[in-house]
Every structure is written in C-alpha cells, then in structure tokens.
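Please look at the sequence and the structure below before reading on.

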Amino acid sequence: MLDDTWNGEADLRRAFSRFATGVTVVTTHAPGQGAVGFTANSFSSVSLDPPLVLWSIARRAARYDAFAQAEHFAIHILSAEQRGIAAHFVSDGGGFDQFDWAPDENGTPALHGCLARLACTRHEAVSAGDHTIIIGRVTGLAQREGAALAYINSRYATLD
C-alpha cells in the first residue's frame, strides 16, 4: 500500500531518492575562477541526432553562474572507484589538483579514469522551477568498461 500523504519538500526529496541514478561530475572553465566542478545525478540523454544530453543545476547553487554561463562543459560518468571525486565536487568546486585531469581543446577540465566523458557545447538552457536545465550538444567522447557509481536512497552504490 502506498502512503499517499505528502508533507512538502522533504517528502518529495525522499521520493526522488528512491530512483537510482548514475553519478556524474560536470566540469567547465570559468573566467576568473579557472577549473570548476559540480557533482550531478540529474544527467540524461536527450537525442542521438543531433547528439544532445541534459543535466540540471539549482539556481541557489554556489557554482550556478559558472555553469549557467558556460559555453563548453564536460560530463564525466563516474566509475565505482571514483566515489571520492563525486563526494569532493558535492561541496567543493575547485581542488582539481587532487585528481588526474587535463584541459581539453576548449580549456574544459577533463577528469581521467571515468567510465565516459562527454565533451559538450551549450545548446540551450531552460528555466524549470528552482533549477535550470542545461542541454549540451556532444562534440566528443571517451569511454571505457567498468562498474558504475550509482546513487539511491541518499547513498552511493555500485552497479556492475
């Protein structure tokens, strides 16, 4: 039996946490800030032709301006071994010196060792409630095999 009571944002957040998602880190190079990263589980594919993906960021996020204005960004689909990277970029947008990375041809930070990295150019940004949905056109990718890092019930999990 479903409990159909809904007492606000906390209940909605808990319901959303029941959906398992992959874990990504989105990176960009922001003028005046340098390399910036953000852990996001709001990632989804949109289209194969043209190749489009999306992710969303809260307008109140400390790194909102860097990503809302970014022309280029990379989405890194994390492996199970990269839980530390995910945890780091939840709270800190910098600190790239702790990780193996290099700038790509657009200056976007490219983290190494991920299951997949999608280089993107901003296609569109759509206002949606308290978030902005950022749609990117995939311009390049790298990928490898391995177990994925997932997030469900407010904690990390491994998907083989």
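The largest nonpolar core has 19 residues, and Trp55, Ile57, Phe67 and Ile75 have the most contacts inside it. A nonpolar core is a set of buried Ala, Val, Leu, Ile, Met, Phe, Trp, Tyr and Cys residues joined through side-chain atoms within 4.5 Å. Buried means under 20% relative accessible area, exposed means over 50%, and partly exposed lies in between (1.4 Å probe, protein chains only). At least two residues of this core come from each of β2 (24-30), β3 (34-40), β5 (51-58), α2 (64-68), β6 (72-77), β9 (116-128) and β10 (131-143). Helix α2 gives the largest share, four residues. Helices (H or I, at least four residues) and strands (E, at least two) are DSSP runs, numbered from the N terminus.

The model is predicted: local features need pLDDT of at least 70, side-chain atom pairs count only at pLDDT 80 or more, and totals for chains, interfaces and linings use all residues. Residues are numbered from 1 along each chain as its sequence is written, and side-chain values use heavy atoms, with hydrogens and water left out.

Leaving aside neighbours within four places in sequence, Ile75 is in contact (heavy atoms within 4.5 Å) with residues including Val26, Phe43, Val53, Trp55 and Leu118. There is also a second, separate core of 12 residues; Val23, Val25, Leu111 and Cys114 are among them. In soluble globular proteins, nonpolar side chains tend to be buried together.

Is Asp11 buried or exposed? Asp11 is buried, because its relative accessible area is 18%. This residue is found in helix α1 (residues 9-16). The side chains of Asp11 and Arg14 are joined by a polar contact of 2.3 Å. Such a contact is a pair of N or O atoms within 3.5 Å; within protein, one must be able to donate a hydrogen and the other to accept it, and residues adjacent in sequence count only if both atoms are side-chain atoms. Not counting residues up to four places away in sequence, Asp11 touches Thr5 and Trp6.

The structure holds eight aromatic pairs. Rings of Phe, Tyr and Trp (its six-membered ring) pair if their centres lie within 6.5 Å; planes under 30 degrees apart count as stacked, over 60 as edge-to-face and the rest as tilted. Two of the pairs are listed here.

| Pair | Centre distance | Plane angle | Type |
|---|---|---|---|
| Phe89 and Phe96 | 4.9 Å | 50° | tilted |
| Tyr151 and Tyr156 | 5.2 Å | 65° | edge-to-face |

Phe89 and Phe96 are both buried. Tyr151 is partly exposed at 28% relative accessible area, and Tyr156 is partly exposed at 23%. One aromatic cluster is formed by Phe38, Trp55, Phe67 and Phe73.
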